[in-house]
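These are my notebook entries on one structure, kept in the order in which I looked things up. The structure itself comes first, and the entries follow.

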Amino acid sequence: KYKGWRIGSRYEQEINKVKSVATDTLLSGSFVFNEWRVYIANSDTVLDKARFEYIRRQEFFPRNNDLRLINSSNTFNLNGNWITNKTHKLGWQFTYRQFETKDSLVSARELEHYYLGRLEYGLTVFKGAITTNILYELGAGREPRIDFTYLEVQPGQGVYQWVDYNENGIQELNEFEIAAFSDLGNFIRVLNPTNEFVPVDNTQYNQTFNLNPRAVWNNKKGVRGFIARFSTVTSIQVNRKIFRGSGKSPFNPFVLNEEEESLVALTGLMRNSIFFNRQNPKYSLEYTVQDNQRKTNQVNGIETTLLREHIGRARWNVIQPVSLILTYRNGRRANGSEFFSERNYVINSQEAEPQVSYLSGTKFRLTTTYHFAYRKNQLGENGETATSNEAIVEGRYNIVGKSTLNARFSFARVDFTGAPNSAIEFAMLQGFKDGNNYTWAVSFERNLAQNIQLSLIYDGRKTGDAKPVHVGRVQVRAIF
């Protein structure tokens, strides 16, 4: 030890020789490794920590009835944290490894070097009026090229449904959609890694940012009191993977327009909400903007999805048992497929939804909703459009600790111009059909004992000219 710092080393060896009794030759499971480790670190008793470590490793495997040096590596580790500051919190972890192989049988599969890093930062100032948390990760490795198939499961136990768009009776990859109704979810998507491994660089960035002036101006009057009624929440998530050696820098996570030649996968999510009177029991306003995009380079080509929305919401508690919520959405949803061109679309939409709720204590709640939606496909020459007018009535009766009864009924009038039984129709109507659409549901839950619950569920629907569908389920759950 020197002034609170520790310097140490360790050597580790394992010898595992297994020979065949009949031939006196080394079996393939035999190996030997030598590992040297040197480190320097501060005391374990302090809160702020730092550590640096170097590791040298050699691995021997059977070749020509002898154990020969096959792999050697040099690894450098740096990690620590800084948490004693009340305003700033910082943690870091970084690993860099050099790998060398002397065996031509494996040289085509091993990386010459790789890295893995993680940086975490937290900031809290002005008594919590401003807070942010940042996570930044990077790494290098090998990943298999991904393909996927759909596997049929028990009815209603899956996530996807098969829609036979071309009516040929053959399940094709471009005919599976996320199930519009739970009883239609008869398939799950299974990823199938291929034998083709590619070197990739991965960068991930997550951040949340909260601004709440009320924390310092809660009881202020005038301009400061008015500003204190506002607050905002922002979240950013980016996950970027590129082919190693493509000439692109892997350290910047905000390159969202990656070229197809260098792209492996890209996911970006951004959401920002501004609130006014968020905690006020009488009324509040909210404005949200979100941008979600995903792009993947699969065996069958590039797949791209995009969702951008502007959402406005107003809440007003008219009188004690009655509340009103108004919601407006303006958005764009796009899908691009390099291999399945019939799944390409860019849908602009406008939606409005007023909702009135009546609440009688903890026993009874009645909600009525009207939902208007207009959607238009901007891609291609057909210009498909969909106009939907939907009325919804929901009721809930609850006896605390004993039973709950829920009921829901909706009627939607849909006017769709476009090809029926197509991917565009499914994306725009979300399971409904042109014409009149009805859905209804009733569920009853009863606590039979302290930890046993019985559920009776009935769902029904009639979409367009299709015959009515009735689904009943019974569930018994034991809670431990």
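This is a predicted model: local features need pLDDT of at least 70, side-chain atom pairs count only at pLDDT 80 or more; totals for chains, interfaces and linings use all residues.

Entry 1, charges over rings. I began with Arg 278, which lies over the face of Phe 275 at 3.9 Å from the ring centre. I also noted that the charged end of Arg 51 sits over the ring of Tyr 39, 4.3 Å from its centre. The criterion I applied is that NZ of Lys or CZ of Arg must be within 6 Å of the ring centre and within 35 degrees of the ring normal.

Residues are numbered from 1 along each chain as its sequence is written, and side-chain values use heavy atoms, with hydrogens and water left out.

Entry 3, the chain as a whole. I counted 3 helices and 22 strands in the chain; helices (H or I, at least four residues) and strands (E, at least two) are DSSP runs numbered from the N terminus. The radius of gyration is 30 Å, well over the 23 Å that the globule rule gives for 480 residues, so the chain is more spread out than a compact globule. For that comparison the radius is taken over C-alpha atoms, and the rule is 2.2 Å times the number of residues to the power 0.38. Along its principal axes the C-alpha trace spans about 80 × 70 × 55 Å. Buried residues make up 35% of the 480 residues, where buried means under 20% relative accessible area, exposed over 50% and partly exposed in between, with a 1.4 Å probe and protein chains only.

What is the volume of the largest pocket? I find about 1200 Å³, and for the second largest pocket about 510 Å³. On a 1 Å grid over the protein atoms alone, a pocket is an open set of points where a 1.4 Å probe fits, with protein on both sides within 12 Å along at least five of seven lines, and lining residues have an atom within 4 Å of a point. Grid points are joined across faces, edges and corners, and a volume is the space filled by probe spheres set on the points.

The largest pocket is lined by 45 residues, and Tyr 160, Arg 189, Arg 294, Thr 305 and Asn 335 lie nearest its centre. Its lining divides into 24 nonpolar, 12 polar and 9 charged residues; Ala, Val, Leu, Ile, Met, Phe, Trp, Tyr, Cys and Pro count as nonpolar, Asp, Glu, Lys and Arg as charged, and the others, Gly among them, as polar.

The second largest pocket is lined by 23 residues, of which Glu 351, His 371, Ala 373, Arg 375 and Gln 430 lie nearest its centre. That lining divides into 8 nonpolar, 6 polar and 9 charged residues. Among the elements that each supply at least two residues of this lining are strand E16 (345-360), strand E17 (364-377) and helix H3 (423-429).

Rings of Phe, Tyr and Trp (its six-membered ring) pair if their centres lie within 6.5 Å, with planes under 30 degrees apart counted as stacked, over 60 as edge-to-face and the rest as tilted. The count comes to 14 aromatic pairs. The rings of Tyr 150 and Tyr 160 have their centres 5.2 Å apart and their planes at 70°, so I list the pair as edge-to-face. This pair links distant parts of the chain, with Tyr 150 in strand E7 (residues 130-152) and Tyr 160 in strand E8 (residues 160-162), 10 residues apart. Both Tyr 150 and Tyr 160 are buried.

The rings of Phe 411 and Tyr 438 have their centres 5.1 Å apart and their planes at 45°, so I list that pair as tilted. Phe 411 is in strand E19 (residues 403-417) and Tyr 438 in strand E20 (residues 435-449), 27 residues apart. Phe 411 is partly exposed at 27% relative accessible area, and Tyr 438 is partly exposed at 30%.

Which loop holds Asn 64? Asn 64 is in the loop between strand E3 (49-63) and strand E4 (66-82), and its phi is near 55°, a positive value in a residue other than glycine. At 66% relative accessibility Asn 64 counts as exposed. Asn 65, in the loop between E3 and E4, has a positive phi of about 60° and counts as partly exposed at 44%.
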